[in-house]
Amino acid sequence: MLNNLKKIIDKSPICIMILDKNGVVIYHNDIIEKKIGKKLIGLKLVNEFKWKILEYIDIENTDKIVLEKSIQDKNGNDIELLVNAYVYEKKYIVCYCTNITKIKNYNKNMKYAFSQLEESKRKAEMSDKLKSSFLASVSHEIRTPLNAIIGFSRLLLKNNKSNKEKYIDIIEKNSESLTNLIDDIIDLSKIEVNEISIKSNKCILIEIMSELYNNHYNKTKKDVKLILDENLTNVIIYTDLNRLKQILNNLISNSIKFTHNGYIKFGYKLEQNVIIFYVQDTGIGIDIRDHEYIFESFTQLDAKNSKKYGGTGLGLSITKKLVELLGGKIWLESELNKGSIFYFTIPSDYVQKISNEYDNIDRFEKRKLNWKNKNILIVEDDDYSSMILMTIINKTNANCKIVKNGLDAITEIKNNNYDVIILDLKLPDIHSYDLLKKIKNLKKIPIIAQIPLKTNELISEIFKKGFDNFILKPVDTYNLLKKLNEYINN
């Protein structure tokens, strides 16, 4: 009978051990040896498994205890045990060890799952809160410039000549704000659904910096100086040209917005074949506690500032996402009331140093233009769009002609000589690509596309079809005249 009982105990799936009062194993059943790969009889648990069981049991006064311990099996895997320890005749400690590894793992997984659910819930609630705030902000940001555009347009209609230039300037600035807001919303939507494709272009960095300087130098406040680093090593890299410009434009515009005196300086450094771009300002700065949130979508760190400065909290979020799409990283150094420096890197498989002549930087200025005896053809069916183009170009003394369809354009080109053509992408009687091909077959004239939306796909396509350049609606006076000047004076 006793032998049968011993066999039953030996084959039990529960680990059973008997220790003497010194913690030495004097008996254990078979499952322990199978699990750990050796016998423990004659060994102290404190030496084998770091089990200091005698710290928990006073063999003279304790009847039983329950505790959790872990051991490693013969393969090095952790086994979690629930140990029920009993004192027998104040001489022996009998331990019943149940394997609770699966239960512990299950509890751990459930705890992790619940924590993930809680985190998802928290993020969802935060997202809803931010999006609600964003929608309210967007509504305000759209209505504010629209109010200015409509209001001052009505004042212009009343022939208030004394304030005409002031009103026009207000309308232009608010129209630009509205356009930028729409562009931000479109970009964020495309990023969220992964619809932005990245192209690799040849980028001559000095030229890009020059263009950015010219685009922003007259947008700063009265007591703020815009500085382009004069110690730039001119290099060529390959990355997405338009997205690189967009990133830098966003950062410079952000600095202009929050800097009231001092300077804004931008440029780049070449460190071990890595380009580090930077935009530095002496603006209001960012509290160090807010650095980790500054790039999150819809985030504006200070409600008072958001009312004072406007904006939707999208600019830096889009900038970070674009930097990451290009394979780079972005970070900042900033303290409240001490200005900010934003850095970002753009990796390139190819970095080539070229001429370091800073004087080659383009400082094109529209007021110096005189295109007398130059001929420009505008192919545009929308009266307002063609009127804007005509008004800008007429200030250069050029001869400007407008036609509304492809048939008239062909007739005009056959009968007259033009230095450059501006061709809208949408015409009533012919696809612009077909018209482009017909014009190129007639005469070798530079043709600039007028496009409604700036996307990498569209820009790639128009160059592939044979356009020489492009301008974006709504028309930016500086960029229009600069691009026309490239072809008129060549």
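Glu333 touches Gly339, Ser340, Ile341 and Tyr343 once residues up to four places away in sequence are set aside, and the model in which these contacts are found is a predicted one. The residue belongs to strand β11, which spans residues 330–334. Because its relative accessibility is 43%, Glu333 counts as partly exposed. A further reference point for Glu333 is Ile286, which lies 47 residues away along the chain, with 8.7 Å between the two C-alpha atoms.

Gly23 is placed in a loop, namely the one between β1 (15–20) and β2 (25–28). With a relative accessible area of 7%, Gly23 is buried, because the limit for that class is under 20%. Not counting residues up to four places away in sequence, the residues that Gly23 touches are Leu43, Lys44, Leu45 and Leu54. For one of these, Lys44, the separation from Gly23 is 21 residues in sequence and 5.6 Å in space, taken from C-alpha to C-alpha.

Arg243 sits in helix α7, which covers residues 241–258. Its relative accessible area is 7%, so Arg243 is buried. When neighbours within four places in sequence are left aside, Arg243 is in contact with Asp187, Ile196, Ile198, Leu322, Leu326 and Asn456.

Asp381 is found in the loop that runs between β14 (375–379) and α10 (383–394). At 33% relative accessibility, Asp381 counts as partly exposed. Together with Asp382, Asp408 and Asp429, Asp381 forms a negative surface patch. Membership of such a patch requires over 30% relative accessible area, so Asp381, at 33%, passes that cut-off.

| Residue | Relative accessibility | Class |
|---|---|---|
| Gly23 | 7% | buried |
| Arg243 | 7% | buried |
| Glu333 | 43% | partly exposed |
| Asp381 | 33% | partly exposed |

For the protein as a whole, the secondary structure consists of 14 helices and 18 strands. Of its 490 residues, 42% count as buried, and the protein exposes about 28,800 Å², of which carbon and sulfur atoms supply 50%. Among the contacts with a separation of 6 or more, 63% are accounted for by residues 24 or more positions apart.

How values were computed: Residues numbered from 1 in each chain as written. Predicted model: local features only at pLDDT ≥ 70, side-chain atom pairs only at ≥ 80, totals over all residues. Heavy atoms only, no water. Patch = residues over 30% accessible without salt bridge, like charges linked within 9 Å, V, L, I, M, F, W, Y side chains within 5 Å. Areas by Shrake-Rupley, 256 points an atom, 1.4 Å probe, with all protein chains shown as cover. Salt bridge = Lys/Arg side-chain N within 4 Å of Asp/Glu carboxyl O. Lys, Arg positive; Asp, Glu negative; His and termini not counted. Charge placed at Lys NZ, Arg CZ, Asp CG, Glu CD. Helix = DSSP H or I, 4+ residues; strand = E, 2+ residues; numbered from the N terminus. Buried < 20%, exposed > 50% of the residue type's maximum accessible area, 1.4 Å probe, protein only. Contact = heavy atoms within 4.5 Å.
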